[in-house]
Amino acid sequence: LLPSADARARLREAWLADAAMEHASVASFSRLSLELLALGAPSHLVRDAHRAALEEIEHARACYGLASRDTAPDDRSTALGPSPLSLAGMTLATNLEELVRGAVREGCVGETYAALAASRALEGCEDPATRTVLEIIARDELSHAAFAFRVLVWAIEVGGITTRNHAADAYTLARRQLLAGPTTTVRRGCLL
């Protein structure tokens, strides 16, 4: 049984939203690599930030591919892909406190949530192509969360108790925001 046009349109929009988030994550990891360089982080952390950015490029590509698949045949004349990403308002962390806030919010919490959302979407997903994409995203986002925790450990080692306190405050704020309602799209690219 083929999904209805309405169901395909909803799937397309969900995958486009996920693709846009994955695309924006490329910029986040690119920014992080510059921040790590500026703050004197070890080269392995800078390398891992670049590795994560490359993985996010593949996530975006895969999500756009799934969105294209759910596009009605008469709408497939235009390839789906990223649009220009506004960098207005993007700033670089210039101290450990700012770095820790971003690492907690975007990495420790955000990437963990993304991994859980992708894993949750796998439950009951029967489409092989969608399962493959979700499995890769779940695995990589969990790896990105672990990387964020490694950044946090390094920052606390360098900054001591003050940085640890900033991390605790960042967790409290991130938890409050998450409980108020996540702003990320839960991947729902499977039809049962």
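**Notes on the predicted model**

1. Of the 192 residues in the protein chain, 40% count as buried. The model is predicted, and every value below is computed from it. The chain has 4 helices and 0 strands, and from the N terminus on its elements run α-α-α-α. Among contacts between residues at least 6 apart in sequence, 80% join residues at least 24 apart.

2. How do the axes of α1 and α4 cross? They come within 13 Å and cross at roughly 25°. With angles under 35 degrees counted as roughly parallel, α1 is therefore roughly parallel to α4. The crossing of these helices is left-handed.

3. On the α1 side, the contact is made by Trp15, Glu22, Phe29, Leu32 and Leu36. Helix α4 contributes Thr130, Val133, Leu134, Ile137, Glu141, His144, Phe147, Val151 and Trp154. Sorted by class, the contact of α1 with α4 has 10 nonpolar, 2 polar and 2 charged residues.

4. The structure holds 2 aromatic pairs. One of them joins Phe29 and Phe147: the pair is tilted, with 6.3 Å centre to centre and 40° between the planes. Phe29 lies in helix α1 (residues 5–38) and Phe147 in helix α4 (residues 128–180), so this pair ties together parts that are 118 residues apart in sequence. Phe29 and Phe147 are both buried.

5. Phe149 and Tyr171 also form an aromatic pair, and this one is stacked, at 6.4 Å centre to centre and 20° between the planes.

6. Phe147 deserves a separate entry. Its place is in helix α4, and at 3% relative accessibility Phe147 counts as buried. Which residues does Phe147 contact, leaving aside neighbours within four places in sequence? They are Phe29, Leu32, Leu36, Leu45, Asp48 and Ala49. For one of these contacts, Leu45, the C-alpha to C-alpha distance from Phe147 is 8.0 Å, although the two are 102 residues apart in sequence.

7. Leu36 lies in helix α1 and is buried, with a relative accessible area of 0%. Neighbours within four places in sequence aside, Leu36 is in contact with Ala41, Leu45, Val46, Ala49, Leu99, Phe147, Val151 and Trp154. The α4 residues Phe147, Val151 and Trp154 also belong to the contact between α1 and α4 described above. Between the C-alpha atoms of Leu36 and Thr94, which are 58 residues apart along the chain, the separation is 9.5 Å.

8. Ser25 is found in helix α1. At 15% relative accessibility Ser25 counts as buried, because the cut-off is under 20%. What does Ser25 touch, not counting residues up to four places away in sequence? The residues touched by Ser25 are Glu56 and Glu111.

Terms used. Residues are numbered from 1 along each chain as its sequence is written. This is a predicted model: local features need pLDDT of at least 70, side-chain atom pairs count only at pLDDT 80 or more; totals for chains, interfaces and linings use all residues. Side-chain values use heavy atoms; hydrogens and water are left out. Rings of Phe, Tyr and Trp (its six-membered ring) pair if their centres lie within 6.5 Å; planes under 30 degrees apart count as stacked, over 60 as edge-to-face and the rest as tilted. Helices (H or I, at least four residues) and strands (E, at least two) are DSSP runs, numbered from the N terminus. Buried means under 20% relative accessible area, exposed over 50%, partly exposed in between (1.4 Å probe, protein chains only). Contact means heavy atoms within 4.5 Å. Axes are lines fitted to C-alpha atoms, for helices over the stretch in contact, and angles run from 0 to 180 degrees between N-to-C directions. Angles under 35 degrees count as roughly parallel, over 145 as roughly antiparallel, 65 to 115 as roughly perpendicular and the rest as oblique. A crossing is left-handed if the near helix is turned anticlockwise from the far one by less than a right angle, and right-handed if clockwise. Ala, Val, Leu, Ile, Met, Phe, Trp, Tyr, Cys and Pro count as nonpolar, Asp, Glu, Lys and Arg as charged, and the others, Gly among them, as polar.
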